[in-house]
Structures are given as C-alpha cells and as structure tokens.
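Subject: Handover of a structure

Dear colleague,

Please find below the structure that I am handing over to you.

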Amino acid sequence: MLSELSPVAQAALPVQAFKDHLRLGTGFADDGAEDALAEAYLRAALAAIEARTGKAILARDFRLELTDWRDDWAQALPVAPVSAVVSVSLRDDTGAAEMVDAARYALERDMHRPRLRSVGGYLPGVPAGGTVEVVFTAGFGPAWADVPPDLGQAVFLLAASYHEHRHEGEKARAMPHGIAALIERWRNVRVLGGGAA
C-alpha cells in the first residue's frame with residue numbers, strides 16, 4: 001500500500017502562472033476568487049499526470065507498506081524519481097515497530113524504477129504477520145522550476161482542459177492526444193507484474 005505522507009504544498013503550485021496561461025480577464029479587482037479553482041484544476045491535473053507516468057512531479061514524502069519483500073535482495077519502489085530513503089521500519093503483529101539500521105540498505109536511483117537494495121546481505125526479514133514500512137522522498141524537486149518543461153506543460157494543458165470542460169459534469173474523457181504525446185517519454189511500461197526489476 002502506497003500512501004502520500006505530505007501533500008503538495010500550496011506555495012509550490014504555480015497558480016498565478018496557470019491563471020496567466022488561461023488568459024483570464026484582466027482589469028478587474030483581483031480578489032483571489034479564481035485562485036481556489038485554479039489550484040483545484042492544477043491538483044487534479046497533477047494527480048492524473050502522476051498516475052499516468054508513475055512519477056512524482058513535485059517532491060514530497062511517501063510511505064510504502066508491504067507484508068513481505070518482493071525479492072530478498074532488493075525492492076522496487078512504485079514512484080520515481082526517488083531522492084532519499086528516509087527510513088525503513090519493521091512492525092510485528094502487535095504493532096510494535098523497530099527501525100532498521102540505515103547501513104543495511106541503500107537507494108539505487110533510477111528515473112523509472114528506483115530500488116531499495118540490501119547492503120552486505122539480505123534485506124531484513126519481515127516479522128510473521130507483520131509489515132515493513134519504507135518512507136521515501138520522491139519528486140523532481142520542491143519547486144515548480146524543478147519540473148521538466150514537458151511535464152509542466154502537460155499539467156497546464158490538462159488543467160486548462162478541466163477548466164474548459166468544467167460544466168460537462170461527470171463525463172469520462174480520455175487524455176487528450178497532445179498531452180499523451182508530451183508525457184509518453186516519462187511513462188514506464190511495467191511487465192511481469194512489476195517484479196523485482
């Protein structure tokens with residue numbers, strides 16, 4: 001189970017740049033009324049692009065909870081790019097937690113499939129009936145300036161599409177072709193059920 005521990009900070013979202021992208025009317029008093037809508041469209045577009053690519057666009061912390069390792073030597077992490085492994089802890093069937101010494105594991109960086117790998121042996125055994133929790137930081141960076149331009153443009157275009165079609169209700173829409181083309185190189189095709197690869 002993958003959980004997002006810290007949501008994207010409001011200050012990291014390029015709300016004003018997105019409003020400029022939409023070319024919203026000017027000359028009126030800017031009371032910030034459009035800011036909440038612009039933020040909502042940006043967050044929705046960000047989530048859709050991240051789901052489609054398997055990339056965390058803006059940096060934040062995640063927790064991966066497993067009942068066992070996929071492989072005794074390494075565990076693939078489901079989101080990229082990963083900049084740091086914050087902690088690894090083992091939890092027994094009573095809920096008691098034990099931190100794993102950071103010297104026993106290392107981050108193997110990869111733009112599509114980063115891995116937590118063992119150092120000097122196997123990854124620590126998961127207690128019977130328990131879990132292992134890996135907390136890590138993933139994303140291109142904490143600021144919008146850190147986002148690759150094509151992914152940033154894809155987010156803006158998709159958020160603009162949400163804005164344009166906001167009155168169409170719950171109609172299911174495929175991702176527009178131009179946006180799909182922008183994110184294609186960032187997509188990671190997983191085979192073999194996302195094994196230890």
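The notes below set out the conventions and then the findings.

This is a predicted model, in which local features need pLDDT of at least 70 and side-chain atom pairs count only at pLDDT 80 or more, while totals for chains, interfaces and linings use all residues. Residues are numbered from 1 along each chain as its sequence is written, and side-chain values use heavy atoms, with hydrogens and water left out.

Helix H3 covers residues 149-164. The expected span of a helix is 1.5 Å times one less than its number of residues. For the 16 residues of H3 this gives 22 Å, and the end C-alpha atoms are 22 Å apart, which agrees.

The buried residues of H3 include Leu151, Ala154, Val155, Phe156 and Leu158. The buried residues of H3 pack against helix H1 (15-22), helix H2 (35-53) and helix H4 (177-183).

A nonpolar core is a set of buried Ala, Val, Leu, Ile, Met, Phe, Trp, Tyr and Cys residues joined through side-chain atoms within 4.5 Å. The largest one has 27 residues, and Ile49 and Leu58 have the most contacts inside it. H1, H2, H3 and H4 are the elements that give two or more residues to this core. H3 provides the largest share, 7 residues. Contact means heavy atoms within 4.5 Å. Leaving aside neighbours within four places in sequence, Ile49 is in contact with residues including Leu151, Ala154, Val155 and Leu158.

Strand S2 (residues 60-66) has alternating side chains.

Two strands pair if DSSP finds at least two bridges between them. Strand S1 (residues 2-4) and S2 pair in the antiparallel sense over 3 bridges, with Ser3 opposite Arg63. S2 also pairs with strand S8 (residues 131-138), again in the antiparallel sense, over 7 bridges. Here Thr137 in S8 is the bridge partner of Asp61.

Val85 lies in strand S4 (residues 82-91). Val85 counts as buried because its relative accessibility is 18%. Not counting residues up to four places away in sequence, Val85 touches Tyr105, Leu107, Leu116, Val134, Val135 and Phe136.

Aromatic pairs

A pair of aromatic rings is described by the distance of the centres and the angle of the planes. Rings of Phe, Tyr and Trp (its six-membered ring) pair if their centres lie within 6.5 Å; planes under 30 degrees apart count as stacked, over 60 as edge-to-face and the rest as tilted. By this rule there are 5 aromatic pairs.

Phe62 and Phe136 form a stacked pair, 5.8 Å centre to centre with 20° between the planes. This pair links strands S2 and S8, its members being 74 residues apart. Both Phe62 and Phe136 are buried. Trp144 and Phe156 also form a stacked pair, 5.8 Å centre to centre with 15° between the planes. Trp144 is in the loop between S8 and H3, and Phe156 is in helix H3. Ring pairs link Phe18, Trp144 and Phe156 into a cluster.

Yours sincerely

Key. Helices (H or I, at least four residues) and strands (E, at least two) are DSSP runs, numbered from the N terminus. Buried means under 20% relative accessible area, exposed over 50%, partly exposed in between (1.4 Å probe, protein chains only).
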